Amino acid sequence: MNDVSRSSLASNTPATTSGLQLLVLSNGHGEDIIAVRILQELQQQLNPPDIFALPLVGEGRAYQQLHIPCIGSVRTMPSGGFIYMDGRELIRDVRGGLLQLTFSQIKAIRRWVSSQKRLGNKKAILAVGDIVPLLFANLSGANYAFVGTAKSEYYVRNEVGLLPRKSKAARWENFSGSIYHPWERWLMSCRRCRAVFPRDSLTTEILKQWSIPAFDLGNPMMDGLKPTVSPQQFYSADVQQQELARPLVITLLPGSRAPEAYTNWKVIMLAVSALMASFQERDAIFHTSGSLVFLGAIAPGLDCNILSQTVQSQGWQLHSESPILLPDPNTLIFKQKNAYLLLTQQAYNECLHWGDVAIAMAGTATEQFVGLGKPAIAIPGDGPQYNPAFAEAQSRLLGPSLILVEQPIEVANVMRSLFKEPDSLQIIAENGMRRMGKPGAARRIAECLLERLG
(Lines give C-alpha, C1' and ligand atoms only; values in the text may rest on other atoms or scores of the structure.)
Protein backbone atom coordinates (compact mmCIF):
# COMPACT_ATOMS: atom_id res chain seq x y z
CA MET A 1 0.00 0.00 0.00
CA ASN A 2 1.23 3.46 -0.90
CA ASP A 3 -0.41 6.33 1.00
CA VAL A 4 0.14 9.90 -0.09
CA SER A 5 -0.27 12.34 2.81
CA ARG A 6 -1.82 15.79 2.68
CA SER A 7 1.61 17.37 2.90
CA SER A 8 2.89 15.44 -0.13
CA LEU A 9 -0.30 16.35 -1.98
CA ALA A 10 0.34 20.02 -1.26
CA SER A 11 3.96 19.74 -2.37
CA ASN A 12 2.86 18.16 -5.65
CA THR A 13 0.31 20.91 -6.27
CA PRO A 14 1.86 23.83 -8.15
CA ALA A 15 1.25 27.46 -7.34
CA THR A 16 -1.57 29.31 -9.06
CA THR A 17 -1.34 28.76 -12.80
CA SER A 18 -3.37 29.73 -15.85
CA GLY A 19 -3.13 26.19 -17.21
CA LEU A 20 -5.58 23.35 -16.66
CA GLN A 21 -5.08 21.07 -13.65
CA LEU A 22 -6.22 17.57 -14.67
CA LEU A 23 -6.83 14.61 -12.36
CA VAL A 24 -7.10 11.21 -14.04
CA LEU A 25 -9.09 8.36 -12.47
CA SER A 26 -8.86 4.81 -13.83
CA ASN A 27 -9.81 1.41 -12.48
CA GLY A 28 -7.57 -1.32 -13.84
CA HIS A 29 -4.26 -2.05 -15.54
CA GLY A 30 -5.75 -1.87 -19.03
CA GLU A 31 -7.53 1.38 -18.18
CA ASP A 32 -4.25 2.82 -16.83
CA ILE A 33 -2.58 2.05 -20.17
CA ILE A 34 -5.38 3.71 -22.15
CA ALA A 35 -5.26 6.75 -19.86
CA VAL A 36 -1.48 7.05 -20.25
CA ARG A 37 -1.76 7.00 -24.04
CA ILE A 38 -4.11 9.97 -23.88
CA LEU A 39 -1.90 11.74 -21.34
CA GLN A 40 1.18 11.31 -23.52
CA GLU A 41 -0.70 13.04 -26.34
CA LEU A 42 -1.86 15.77 -23.94
CA GLN A 43 1.74 16.41 -22.94
CA GLN A 44 2.58 17.01 -26.61
CA GLN A 45 -0.04 19.76 -26.98
CA LEU A 46 0.88 23.44 -27.16
CA ASN A 47 -0.47 24.26 -23.70
CA PRO A 48 -0.50 20.95 -21.82
CA PRO A 49 -2.27 20.60 -18.47
CA ASP A 50 -0.60 19.75 -15.18
CA ILE A 51 -1.54 16.12 -14.65
CA PHE A 52 -2.24 14.13 -11.49
CA ALA A 53 -3.54 10.58 -11.18
CA LEU A 54 -5.45 8.27 -8.87
CA PRO A 55 -5.53 4.63 -10.01
CA LEU A 56 -8.54 3.10 -8.25
CA VAL A 57 -7.33 -0.48 -8.84
CA GLY A 58 -3.71 -1.58 -8.54
CA GLU A 59 -0.60 0.51 -8.00
CA GLY A 60 -0.68 2.62 -11.17
CA ARG A 61 2.77 1.71 -12.46
CA ALA A 62 1.91 3.08 -15.90
CA TYR A 63 1.54 6.54 -14.34
CA GLN A 64 4.79 6.12 -12.42
CA GLN A 65 6.64 5.58 -15.70
CA LEU A 66 5.43 9.01 -16.86
CA HIS A 67 6.37 10.52 -13.46
CA ILE A 68 2.76 11.58 -12.89
CA PRO A 69 2.14 12.15 -9.15
CA CYS A 70 -0.50 10.09 -7.39
CA ILE A 71 -2.81 11.99 -5.03
CA GLY A 72 -4.10 9.21 -2.77
CA SER A 73 -3.94 5.63 -1.55
CA VAL A 74 -3.28 2.80 -3.99
CA ARG A 75 -3.47 -0.89 -3.27
CA THR A 76 -3.61 -4.12 -5.25
CA MET A 77 -6.77 -6.02 -4.37
CA PRO A 78 -6.92 -9.86 -4.29
CA SER A 79 -9.18 -9.99 -7.36
CA GLY A 80 -6.83 -7.90 -9.50
CA GLY A 81 -9.88 -5.87 -10.55
CA PHE A 82 -12.07 -8.70 -11.85
CA ILE A 83 -14.80 -8.56 -9.19
CA TYR A 84 -17.54 -8.31 -11.82
CA MET A 85 -16.63 -11.80 -13.00
CA ASP A 86 -17.19 -13.60 -9.74
CA GLY A 87 -19.00 -12.67 -6.53
CA ARG A 88 -16.37 -14.56 -4.53
CA GLU A 89 -13.73 -12.15 -5.81
CA LEU A 90 -15.79 -9.22 -4.50
CA ILE A 91 -15.96 -10.84 -1.06
CA ARG A 92 -12.19 -11.31 -1.08
CA ASP A 93 -11.69 -7.65 -1.97
CA VAL A 94 -14.04 -6.45 0.77
CA ARG A 95 -12.09 -8.52 3.28
CA GLY A 96 -8.90 -7.07 1.84
CA GLY A 97 -9.98 -3.51 2.61
CA LEU A 98 -11.91 -2.46 -0.51
CA LEU A 99 -14.46 -0.30 1.35
CA GLN A 100 -11.84 1.55 3.38
CA LEU A 101 -9.79 2.12 0.22
CA THR A 102 -12.83 3.43 -1.66
CA PHE A 103 -13.72 5.98 1.04
CA SER A 104 -10.12 7.17 1.29
CA GLN A 105 -9.97 7.62 -2.49
CA ILE A 106 -13.17 9.69 -2.58
CA LYS A 107 -11.75 11.90 0.19
CA ALA A 108 -8.48 12.30 -1.73
CA ILE A 109 -10.34 13.40 -4.88
CA ARG A 110 -12.40 15.98 -3.00
CA ARG A 111 -9.29 17.20 -1.18
CA TRP A 112 -7.49 17.69 -4.50
CA VAL A 113 -10.43 19.59 -6.00
CA SER A 114 -10.64 21.82 -2.89
CA SER A 115 -6.92 22.58 -3.00
CA GLN A 116 -7.13 23.60 -6.67
CA LYS A 117 -10.17 25.75 -5.94
CA ARG A 118 -8.35 27.56 -3.13
CA LEU A 119 -5.46 28.29 -5.50
CA GLY A 120 -7.85 29.63 -8.11
CA ASN A 121 -6.79 27.03 -10.67
CA LYS A 122 -8.90 25.70 -13.52
CA LYS A 123 -9.52 22.04 -12.65
CA ALA A 124 -11.11 19.00 -14.30
CA ILE A 125 -11.24 15.24 -14.02
CA LEU A 126 -10.77 12.58 -16.69
CA ALA A 127 -12.46 9.25 -15.77
CA VAL A 128 -11.30 6.17 -17.68
CA GLY A 129 -13.05 2.82 -17.35
CA ASP A 130 -16.56 2.13 -16.10
CA ILE A 131 -19.17 3.59 -13.75
CA VAL A 132 -16.81 3.64 -10.74
CA PRO A 133 -14.40 6.38 -11.94
CA LEU A 134 -17.36 8.08 -13.65
CA LEU A 135 -19.25 8.23 -10.34
CA PHE A 136 -16.15 9.43 -8.47
CA ALA A 137 -15.71 12.20 -11.04
CA ASN A 138 -19.30 13.28 -10.56
CA LEU A 139 -18.96 13.28 -6.76
CA SER A 140 -15.90 15.54 -7.00
CA GLY A 141 -17.89 18.64 -7.89
CA ALA A 142 -15.53 19.48 -10.78
CA ASN A 143 -16.10 19.36 -14.54
CA TYR A 144 -15.20 15.99 -16.00
CA ALA A 145 -14.90 13.85 -19.12
CA PHE A 146 -15.33 10.11 -19.49
CA VAL A 147 -13.56 7.52 -21.64
CA GLY A 148 -15.84 4.46 -21.61
CA THR A 149 -13.68 1.38 -22.04
CA ALA A 150 -15.88 -1.28 -20.43
CA LYS A 151 -19.14 -1.08 -22.39
CA SER A 152 -20.12 -1.22 -26.03
CA GLU A 153 -23.48 -1.54 -27.77
CA TYR A 154 -21.95 -4.48 -29.64
CA TYR A 155 -22.49 -6.52 -26.48
CA VAL A 156 -26.24 -6.38 -27.12
CA ARG A 157 -26.69 -5.43 -30.79
CA ASN A 158 -25.03 -5.08 -34.15
CA GLU A 159 -25.77 -2.70 -37.02
CA VAL A 160 -28.87 -4.73 -37.95
CA GLY A 161 -30.52 -4.97 -34.54
CA LEU A 162 -30.56 -6.61 -31.12
CA LEU A 163 -28.69 -9.89 -30.66
CA PRO A 164 -30.68 -12.96 -29.56
CA ARG A 165 -30.07 -13.82 -25.90
CA LYS A 166 -30.79 -17.11 -24.17
CA SER A 167 -31.95 -15.96 -20.75
CA LYS A 168 -34.25 -13.26 -19.35
CA ALA A 169 -31.39 -11.99 -17.18
CA ALA A 170 -29.26 -11.46 -20.28
CA ARG A 171 -32.05 -9.57 -22.03
CA TRP A 172 -32.21 -7.16 -19.07
CA GLU A 173 -28.72 -6.01 -20.03
CA ASN A 174 -30.40 -3.74 -22.58
CA PHE A 175 -33.65 -3.10 -20.70
CA SER A 176 -33.53 0.69 -21.11
CA GLY A 177 -32.56 0.82 -24.78
CA SER A 178 -28.78 0.92 -24.28
CA ILE A 179 -25.95 -1.10 -22.80
CA TYR A 180 -25.44 1.95 -20.57
CA HIS A 181 -28.10 1.96 -17.85
CA PRO A 182 -30.17 5.08 -16.98
CA TRP A 183 -28.03 5.95 -13.95
CA GLU A 184 -24.86 5.77 -16.07
CA ARG A 185 -26.47 7.93 -18.76
CA TRP A 186 -27.49 10.44 -16.09
CA LEU A 187 -23.87 10.74 -14.99
CA MET A 188 -22.86 11.27 -18.63
CA SER A 189 -25.59 13.85 -19.34
CA CYS A 190 -24.89 15.88 -16.19
CA ARG A 191 -24.03 19.54 -16.90
CA ARG A 192 -20.51 19.10 -15.52
CA CYS A 193 -19.79 16.17 -17.86
CA ARG A 194 -18.24 18.01 -20.78
CA ALA A 195 -17.32 15.07 -23.05
CA VAL A 196 -17.86 11.31 -23.37
CA PHE A 197 -15.66 9.15 -25.59
CA PRO A 198 -17.30 5.75 -26.28
CA ARG A 199 -15.20 2.95 -27.69
CA ASP A 200 -16.96 2.68 -31.07
CA SER A 201 -19.25 4.46 -33.53
CA LEU A 202 -22.32 2.35 -32.76
CA THR A 203 -22.18 3.16 -29.04
CA THR A 204 -21.68 6.86 -29.77
CA GLU A 205 -24.72 6.89 -32.05
CA ILE A 206 -26.94 5.31 -29.39
CA LEU A 207 -25.75 7.59 -26.55
CA LYS A 208 -26.46 10.74 -28.54
CA GLN A 209 -30.17 9.92 -28.27
CA TRP A 210 -30.04 11.09 -24.62
CA SER A 211 -28.36 14.51 -25.09
CA ILE A 212 -25.01 13.09 -24.00
CA PRO A 213 -21.95 14.99 -25.33
CA ALA A 214 -20.58 11.84 -27.01
CA PHE A 215 -17.72 12.10 -29.51
CA ASP A 216 -16.82 9.35 -31.98
CA LEU A 217 -13.03 9.68 -31.98
CA GLY A 218 -11.98 6.02 -31.92
CA ASN A 219 -10.57 3.58 -29.40
CA PRO A 220 -7.13 4.30 -27.84
CA MET A 221 -6.62 0.53 -27.52
CA MET A 222 -5.56 0.53 -31.16
CA ASP A 223 -2.83 3.14 -30.63
CA GLY A 224 0.83 2.33 -30.10
CA LEU A 225 0.71 -1.01 -31.94
CA LYS A 226 2.99 -0.18 -34.87
CA PRO A 227 5.74 -2.83 -35.19
CA THR A 228 9.40 -1.86 -35.26
CA VAL A 229 10.05 -4.49 -37.94
CA SER A 230 7.83 -4.69 -41.03
CA PRO A 231 6.09 -7.98 -41.90
CA GLN A 232 7.26 -7.34 -45.46
CA GLN A 233 10.62 -8.71 -44.35
CA PHE A 234 9.02 -12.09 -45.04
CA TYR A 235 9.12 -11.25 -48.72
CA SER A 236 11.62 -10.64 -51.50
CA ALA A 237 10.95 -9.02 -54.88
CA ASP A 238 8.36 -11.60 -56.04
CA VAL A 239 5.61 -11.03 -53.48
CA GLN A 240 3.15 -13.62 -54.79
CA GLN A 241 5.83 -16.30 -54.97
CA GLN A 242 6.98 -15.47 -51.45
CA GLU A 243 3.42 -15.50 -50.11
CA LEU A 244 3.15 -19.14 -51.20
CA ALA A 245 6.54 -19.93 -49.72
CA ARG A 246 6.12 -18.22 -46.35
CA PRO A 247 4.99 -20.03 -43.22
CA LEU A 248 1.55 -19.76 -41.66
CA VAL A 249 1.99 -17.57 -38.57
CA ILE A 250 -0.24 -18.21 -35.55
CA THR A 251 -0.16 -15.81 -32.60
CA LEU A 252 -0.67 -17.26 -29.13
CA LEU A 253 -2.28 -15.00 -26.51
CA PRO A 254 -2.46 -16.58 -23.02
CA GLY A 255 -3.28 -13.38 -21.11
CA SER A 256 -1.14 -11.43 -18.68
CA ARG A 257 -2.40 -12.30 -15.21
CA ALA A 258 -0.57 -14.97 -13.19
CA PRO A 259 -1.31 -17.71 -12.29
CA GLU A 260 -4.24 -17.80 -14.73
CA ALA A 261 -1.98 -17.22 -17.76
CA TYR A 262 0.08 -20.35 -16.94
CA THR A 263 -3.07 -22.48 -16.91
CA ASN A 264 -4.24 -20.84 -20.13
CA TRP A 265 -0.90 -21.59 -21.74
CA LYS A 266 -1.31 -25.31 -21.05
CA VAL A 267 -4.69 -25.22 -22.79
CA ILE A 268 -3.25 -23.30 -25.75
CA MET A 269 -0.41 -25.80 -26.09
CA LEU A 270 -2.97 -28.61 -26.34
CA ALA A 271 -4.54 -26.72 -29.25
CA VAL A 272 -1.09 -26.28 -30.82
CA SER A 273 -0.41 -30.01 -30.56
CA ALA A 274 -3.77 -30.86 -32.13
CA LEU A 275 -3.10 -28.41 -34.94
CA MET A 276 0.36 -29.90 -35.53
CA ALA A 277 -1.13 -33.37 -35.74
CA SER A 278 -3.70 -32.36 -38.35
CA PHE A 279 -1.44 -30.14 -40.42
CA GLN A 280 0.14 -31.70 -43.49
CA GLU A 281 3.01 -30.29 -45.49
CA ARG A 282 2.09 -28.37 -48.66
CA ASP A 283 -1.46 -28.02 -47.38
CA ALA A 284 -3.32 -26.23 -50.17
CA ILE A 285 -5.98 -24.94 -47.77
CA PHE A 286 -3.60 -22.51 -46.12
CA HIS A 287 -1.87 -21.37 -49.36
CA THR A 288 1.52 -21.37 -47.65
CA SER A 289 4.61 -23.53 -47.60
CA GLY A 290 3.17 -26.03 -45.14
CA SER A 291 5.41 -24.84 -42.31
CA LEU A 292 4.10 -23.24 -39.14
CA VAL A 293 5.41 -20.49 -36.89
CA PHE A 294 3.77 -19.95 -33.51
CA LEU A 295 4.43 -16.58 -31.87
CA GLY A 296 3.85 -16.56 -28.11
CA ALA A 297 3.15 -13.00 -26.98
CA ILE A 298 4.15 -13.23 -23.32
CA ALA A 299 3.52 -10.42 -20.82
CA PRO A 300 6.71 -9.08 -19.18
CA GLY A 301 5.43 -10.02 -15.72
CA LEU A 302 5.18 -13.74 -16.52
CA ASP A 303 7.93 -16.33 -15.99
CA CYS A 304 9.02 -17.78 -19.34
CA ASN A 305 10.69 -20.71 -17.58
CA ILE A 306 7.28 -21.98 -16.48
CA LEU A 307 5.92 -21.59 -20.02
CA SER A 308 9.00 -23.28 -21.50
CA GLN A 309 8.44 -26.37 -19.36
CA THR A 310 4.95 -26.73 -20.81
CA VAL A 311 6.30 -26.27 -24.35
CA GLN A 312 9.00 -28.92 -23.90
CA SER A 313 6.53 -31.34 -22.33
CA GLN A 314 4.71 -31.29 -25.70
CA GLY A 315 7.80 -32.49 -27.58
CA TRP A 316 9.36 -29.17 -28.64
CA GLN A 317 13.15 -28.82 -28.56
CA LEU A 318 15.19 -25.68 -28.01
CA HIS A 319 16.63 -24.39 -31.28
CA SER A 320 19.30 -21.83 -32.11
CA GLU A 321 17.95 -20.31 -35.34
CA SER A 322 14.69 -18.44 -35.80
CA PRO A 323 12.65 -18.39 -39.03
CA ILE A 324 11.61 -14.81 -38.18
CA LEU A 325 13.83 -12.05 -36.88
CA LEU A 326 12.06 -10.51 -33.89
CA PRO A 327 13.33 -7.33 -32.20
CA ASP A 328 13.93 -9.30 -29.01
CA PRO A 329 17.40 -10.79 -28.37
CA ASN A 330 15.97 -12.92 -25.56
CA THR A 331 13.43 -14.73 -27.72
CA LEU A 332 13.18 -18.42 -26.83
CA ILE A 333 13.09 -20.57 -29.97
CA PHE A 334 11.69 -24.10 -30.15
CA LYS A 335 11.39 -26.49 -33.09
CA GLN A 336 9.32 -29.57 -33.79
CA LYS A 337 9.19 -31.17 -37.26
CA ASN A 338 8.40 -28.35 -39.73
CA ALA A 339 7.19 -25.93 -37.07
CA TYR A 340 8.76 -23.26 -34.87
CA LEU A 341 7.49 -21.80 -31.63
CA LEU A 342 8.87 -18.48 -30.37
CA LEU A 343 8.34 -16.97 -26.92
CA THR A 344 8.90 -13.23 -26.70
CA GLN A 345 8.30 -10.64 -24.00
CA GLN A 346 9.56 -7.65 -26.01
CA ALA A 347 7.94 -8.01 -29.46
CA TYR A 348 4.23 -7.77 -28.64
CA ASN A 349 3.40 -5.52 -31.61
CA GLU A 350 5.16 -7.85 -34.05
CA CYS A 351 3.21 -10.81 -32.65
CA LEU A 352 -0.03 -8.98 -33.38
CA HIS A 353 0.91 -7.73 -36.85
CA TRP A 354 2.62 -10.85 -38.15
CA GLY A 355 0.00 -13.37 -37.07
CA ASP A 356 -2.47 -14.67 -39.66
CA VAL A 357 -4.74 -15.98 -36.92
CA ALA A 358 -4.62 -16.11 -33.11
CA ILE A 359 -5.35 -18.75 -30.52
CA ALA A 360 -6.50 -16.52 -27.71
CA MET A 361 -7.35 -16.59 -24.03
CA ALA A 362 -6.85 -12.90 -23.32
CA GLY A 363 -8.88 -9.71 -22.98
CA THR A 364 -7.23 -6.62 -24.43
CA ALA A 365 -4.72 -8.52 -26.60
CA THR A 366 -7.50 -10.45 -28.34
CA GLU A 367 -9.42 -7.25 -29.08
CA GLN A 368 -6.31 -5.55 -30.46
CA PHE A 369 -5.53 -8.54 -32.69
CA VAL A 370 -9.08 -8.51 -34.05
CA GLY A 371 -8.87 -4.73 -34.52
CA LEU A 372 -6.04 -5.30 -36.99
CA GLY A 373 -8.50 -7.19 -39.19
CA LYS A 374 -7.55 -10.73 -38.19
CA PRO A 375 -9.55 -13.73 -36.93
CA ALA A 376 -9.05 -15.11 -33.42
CA ILE A 377 -10.07 -18.51 -32.05
CA ALA A 378 -10.82 -18.42 -28.33
CA ILE A 379 -10.96 -21.18 -25.73
CA PRO A 380 -12.77 -20.28 -22.49
CA GLY A 381 -10.72 -21.08 -19.37
CA ASP A 382 -11.33 -21.42 -15.65
CA GLY A 383 -9.63 -18.25 -14.42
CA PRO A 384 -11.23 -15.17 -12.89
CA GLN A 385 -10.80 -13.25 -16.15
CA TYR A 386 -10.98 -15.49 -19.22
CA ASN A 387 -13.82 -17.74 -18.09
CA PRO A 388 -16.84 -18.86 -20.17
CA ALA A 389 -18.90 -15.79 -19.24
CA PHE A 390 -16.12 -13.39 -20.26
CA ALA A 391 -15.42 -15.28 -23.51
CA GLU A 392 -19.11 -15.33 -24.46
CA ALA A 393 -19.40 -11.59 -23.84
CA GLN A 394 -16.22 -10.95 -25.83
CA SER A 395 -17.61 -12.97 -28.74
CA ARG A 396 -20.63 -10.63 -28.82
CA LEU A 397 -18.35 -7.59 -28.65
CA LEU A 398 -16.15 -8.77 -31.54
CA GLY A 399 -18.79 -10.55 -33.64
CA PRO A 400 -17.61 -12.85 -36.45
CA SER A 401 -13.95 -11.97 -35.81
CA LEU A 402 -13.88 -14.16 -32.68
CA ILE A 403 -14.75 -17.84 -32.92
CA LEU A 404 -15.35 -19.68 -29.64
CA VAL A 405 -14.54 -23.38 -29.23
CA GLU A 406 -15.16 -25.52 -26.16
CA GLN A 407 -12.12 -27.79 -26.47
CA PRO A 408 -8.54 -27.14 -27.69
CA ILE A 409 -8.79 -30.00 -30.19
CA GLU A 410 -11.47 -28.07 -32.12
CA VAL A 411 -9.05 -25.27 -33.09
CA ALA A 412 -7.59 -27.19 -36.05
CA ASN A 413 -10.96 -27.72 -37.76
CA VAL A 414 -12.01 -24.12 -37.21
CA MET A 415 -8.75 -22.89 -38.72
CA ARG A 416 -9.18 -25.07 -41.78
CA SER A 417 -12.75 -23.79 -42.26
CA LEU A 418 -11.53 -20.21 -42.01
CA PHE A 419 -8.93 -20.54 -44.73
CA LYS A 420 -11.30 -22.41 -47.05
CA GLU A 421 -13.44 -19.26 -47.32
CA PRO A 422 -11.51 -16.16 -48.44
CA ASP A 423 -14.75 -14.15 -48.48
CA SER A 424 -15.27 -14.80 -44.78
CA LEU A 425 -11.74 -13.56 -44.05
CA GLN A 426 -12.57 -10.31 -45.84
CA ILE A 427 -15.75 -9.93 -43.78
CA ILE A 428 -13.74 -10.60 -40.61
CA ALA A 429 -11.14 -8.00 -41.58
CA GLU A 430 -13.74 -5.29 -42.20
CA ASN A 431 -15.68 -6.22 -39.06
CA GLY A 432 -12.66 -6.09 -36.75
CA MET A 433 -11.47 -2.71 -37.97
CA ARG A 434 -14.98 -1.26 -37.78
CA ARG A 435 -15.57 -2.43 -34.21
CA MET A 436 -12.16 -1.41 -32.85
CA GLY A 437 -11.53 1.73 -34.89
CA LYS A 438 -8.54 3.37 -36.55
CA PRO A 439 -5.28 4.31 -34.78
CA GLY A 440 -4.83 7.88 -33.57
CA ALA A 441 -7.73 8.02 -31.11
CA ALA A 442 -5.54 9.14 -28.18
CA ARG A 443 -4.38 12.24 -30.03
CA ARG A 444 -7.93 13.09 -31.19
CA ILE A 445 -9.26 12.65 -27.63
CA ALA A 446 -6.45 14.78 -26.18
CA GLU A 447 -7.24 17.64 -28.55
CA CYS A 448 -10.95 17.41 -27.76
CA LEU A 449 -10.26 17.34 -23.99
CA LEU A 450 -8.35 20.62 -24.12
CA GLU A 451 -11.14 22.17 -26.14
CA ARG A 452 -13.92 20.95 -23.82
CA LEU A 453 -12.18 21.21 -20.44
CA GLY A 454 -9.52 23.88 -20.97
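This is a predicted model: local features need pLDDT of at least 70, side-chain atom pairs count only at pLDDT 80 or more; totals for chains, interfaces and linings use all residues.

User: Is Asn121 buried or exposed?

Analyst: Buried means under 20% relative accessible area. Asn121 has a relative accessibility of 5%, so this residue counts as buried.

User: What does the side chain of Asn121 contact, and how far is Asn121 from Leu20 in space?

Analyst: The side chains of Asn121 and Gln116 are joined by a polar contact of 2.8 Å. From C-alpha to C-alpha, Asn121 and Leu20 lie 7.1 Å apart, although 101 residues separate them in sequence.

User: Where does Thr331 lie, and which backbone oxygen is 2.8 Å from a polar atom of its side chain?

Analyst: Thr331 belongs to the loop between β8 (317–318) and β9 (332–336). The backbone oxygen in question is that of Asp328. At 16% relative accessibility, under the 20% cut-off, Thr331 counts as buried. Beyond its neighbours within four places in sequence, Thr331 is in contact with Leu326, Leu342, Leu343 and Thr344.

User: How should I read the cysteines, and how many disulfides does the structure hold?

Analyst: A disulfide is a covalent bond between the sulfur atoms of two cysteines. The structure holds zero disulfides. For Cys190, the nearest cysteine sulfur is that of Cys193, 7.2 Å away, whereas a disulfide requires sulfur atoms within 2.5 Å. Cys190 is buried, with a relative accessible area of 17%. Cys351 is also buried, and its relative accessible area is 0%.

User: Which residues touch the most other members of the largest nonpolar core?

Analyst: That core has 135 residues, and those touching the most other members are Ile250, Phe294, Trp316, Leu341, Ile359 and Met415. Helix α11 (residues 260–278) gives the most to this core, with nine residues.

User: What surrounds Ile359?

Analyst: Leaving aside neighbours within four places in sequence, the contacts of Ile359 include Ile250, Leu252, Ile268, Val272, Ile377 and Met415. Ile250 and Met415 are also among the core residues that touch the most other members.

User: Which residues of strand β11 are buried on each side?

Analyst: In a regular strand the side chains alternate between the two faces of the sheet. Strand β11 (residues 357–360) has Val357 and Ile359 on one side and Ala358 and Ala360 on the other. All of these residues are buried, and both faces of β11 are covered.

User: Which strands does β11 pair with?

Analyst: Strand β6 (residues 248–253) runs parallel to β11 and is joined to it by four bridges. In this pairing, Leu252 has Ile359 as its bridge partner. Strand β12 (residues 376–378) also pairs with β11 in the parallel sense, over three bridges. There, the bridge partner of Ile359 is Ile377.

User: How does the span of helix α17 relate to the expected value?

Analyst: Helix α17 (residues 422–436) has 15 residues and reaches 21 Å from its first C-alpha to its last, close to the 21 Å expected at 1.5 Å a residue.

User: Which residues of α17 are buried, what covers them, and what follows the helix?

Analyst: The buried residues of α17 are Ser424, Ile428, Ala429, Asn431, Gly432, Arg435 and Met436. Their cover includes α14 (364–371), α15 (388–398) and α16 (411–420). After α17 comes Gly437, whose phi is positive, near 85°.

Notes: Residues are numbered from 1 along each chain as its sequence is written. Side-chain values use heavy atoms; hydrogens and water are left out. Buried means under 20% relative accessible area, exposed over 50%, partly exposed in between (1.4 Å probe, protein chains only). A polar contact is a pair of N or O atoms within 3.5 Å; within protein, one must be able to donate a hydrogen and the other to accept it, and residues adjacent in sequence count only if both atoms are side-chain atoms. Helices (H or I, at least four residues) and strands (E, at least two) are DSSP runs, numbered from the N terminus. Contact means heavy atoms within 4.5 Å. A nonpolar core is a set of buried Ala, Val, Leu, Ile, Met, Phe, Trp, Tyr and Cys residues joined through side-chain atoms within 4.5 Å. The expected span of a helix is 1.5 Å times one less than its number of residues. Two strands pair if DSSP finds at least two bridges between them.
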